[in-house]
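Please walk through this protein with the structure open beside the text.

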Amino acid sequence: MTSTRQEVVRDYVYLLLGSVFVASAFSLFLAPNQLASGGVSGLSIVLNDLFGISPGLFQLIANIVLLAIGWMILGMGFGVKSLVGSIFLPVVILVYERFEVPAATMNPMLAAIFGGAGVGIGLGLIFKARASTGGMDLIAQILHRFTKIPLHFCIALLDGTIVISAAIIFSLEIGLYALVALFITIKMIDVVQLGITNDKLAYIISDQREALVKEIFQTLDRGATEIEAAGAFTRTRKPMLMVVVRQGEITTLKEIVKHIDPNAFLVVSEAHEVLGLGFSDDKRYRNVP
């Protein structure tokens, strides 16, 4: 799929802004508090303490080497964006080092919270740009290729090894704070990529399909999608309605279902990202998907 010029510019804005977020969170929060929360950045903190190696310089060299190895072994065309990210991010860290910017806080809990959040926001933006900054993900993919170990387990294994190393070299308490930072990072990546929403997704199985659709449309001004469903044991086929509503509408929806069919089967879950009429713009949709 060919990207338009506007999409390319947007991707590079996301990539550069995300790299600044990651580098800033690392330099202002994580590195000063020795919170090695995984990845090449975490490894650079450990090596800095052991051998005095500049974290920014180590990440720059490591990212370039890993990109080259990934290309040779995995045959990946990471593209210009990933190359730019792999170089730009450590360069920003080197700028922080050059000007000796002081830490934002020396409280390890605050550093774990805000550092983890900053890294998560940055990585989320980088992923939205469909790019990467190299690092441990490439090692994980190489490990996955030769060992057949699931990729997510390879990533967890590598990050876990770095966190454990930090706990041994620094202290168990520092290792635990690093885990907190890593957890927050993972959650913030989801927030950036999926968005913050209070929308709810409801699945309804009922014999009163037509009455439910009519009432949902008239009362909530919402459409519904009908899905063919069958009981796993009885093999009885019944239509299942899928309805997306705002958080403030879920109580009304439950009342509608209870009033029309008290025996209906209703499941409500979070809808992390909803795109389309009635949700991504101001117009209310009136067409059933």
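Predicted model: local features only at pLDDT ≥ 70, side-chain atom pairs only at ≥ 80, totals over all residues.

Residues are numbered from 1 along each chain as its sequence is written, and side-chain values use heavy atoms, with hydrogens and water left out.

Start with the UniProt record. The unreviewed entry annotates "transmembrane region" at residues 12-31, 51-71, 78-96, 108-128, 149-170 and 176-196. UniProt positions are given here in the numbering of this model, feature names are shortened, and annotations may be inferred rather than shown by experiment. The model can be set beside these spans. Residues 12-31 are 95% helix and 0% strand. Their end C-alpha atoms lie 26 Å apart. Residues 51-71 are 86% helix and 0% strand, with end C-alpha atoms 29 Å apart. Helices here are DSSP runs of H or I with at least four residues, strands are runs of E with at least two, and both are numbered from the N terminus.

Now look at S24. It sits in helix 1, residues 5-30. Is S24 buried or exposed? S24 counts as buried because its relative accessibility is 14%. The cut-offs are under 20% relative accessible area for buried, over 50% for exposed, and partly exposed in between, with a 1.4 Å probe and protein chains only. A polar atom of the S24 side chain lies 2.7 Å from the backbone oxygen of V20. Setting aside residues up to four places away in sequence, S24 touches F29 and Y96. Contact means heavy atoms within 4.5 Å.

Two further serines come next. S37 lies in the loop between helix 1 and helix 2. Its relative accessible area is 11%, so S37 is buried. Which residues does S37 touch, not counting those up to four places away in sequence? They are L30, G42, V163, A178, A181 and L182. S41 is placed in helix 2, residues 39-51. S41 has a relative accessible area of 24% and is therefore partly exposed. Leaving aside neighbours within four places in sequence, S41 is in contact with F26 and Q59. S41 and A23 are 18 residues apart along the chain, and their C-alpha atoms are separated by 9.3 Å.

Move on to E100. This residue lies in the loop between helix 4 (79-98) and helix 5 (108-128). E100 counts as exposed because its relative accessibility is 67%.

Two packed helices are described by the angle between their axes and the distance between the axes. Helix 5 and helix 8 (residues 172-194) pack at about 35°, with axes 7 Å apart. Axes are lines fitted to C-alpha atoms, for helices over the stretch in contact, and angles run from 0 to 180 degrees between N-to-C directions. The crossing of helix 5 and helix 8 is right-handed. A crossing is right-handed if the near helix is turned clockwise from the far one by less than a right angle, and left-handed if anticlockwise. By class, this contact has 17 nonpolar, 5 polar and 1 charged residues. Ala, Val, Leu, Ile, Met, Phe, Trp, Tyr, Cys and Pro count as nonpolar, Asp, Glu, Lys and Arg as charged, and the others, Gly among them, as polar.

Next is A167, in helix 7, residues 151-169. A167 touches L172 and G175, not counting residues up to four places away in sequence. The C-alpha atoms of A167 and L179 are separated by 10.0 Å, and the two residues are 12 apart along the chain.

Finish with the second annotated region. The unreviewed UniProt entry places "domain: DUF2179" at residues 222-276. This span is 20% helix and 38% strand, and its end C-alpha atoms lie 12 Å apart. R235 lies in the loop between strand 2 (225-230) and strand 3 (237-245). R235 has a positive phi of about 65°, although it is not a glycine. R235 is exposed, with a relative accessible area of 53%.

The contact is made by A211, L212, E215, I216, T219 and L220 of helix 9 and T252, L253, I256, V257 and I260 of helix 10. It has 8 nonpolar, 2 polar and 1 charged residues.

Notes:
Polar contact = N/O pair within 3.5 Å; in protein donor to acceptor, adjacent residues only side chain to side chain.
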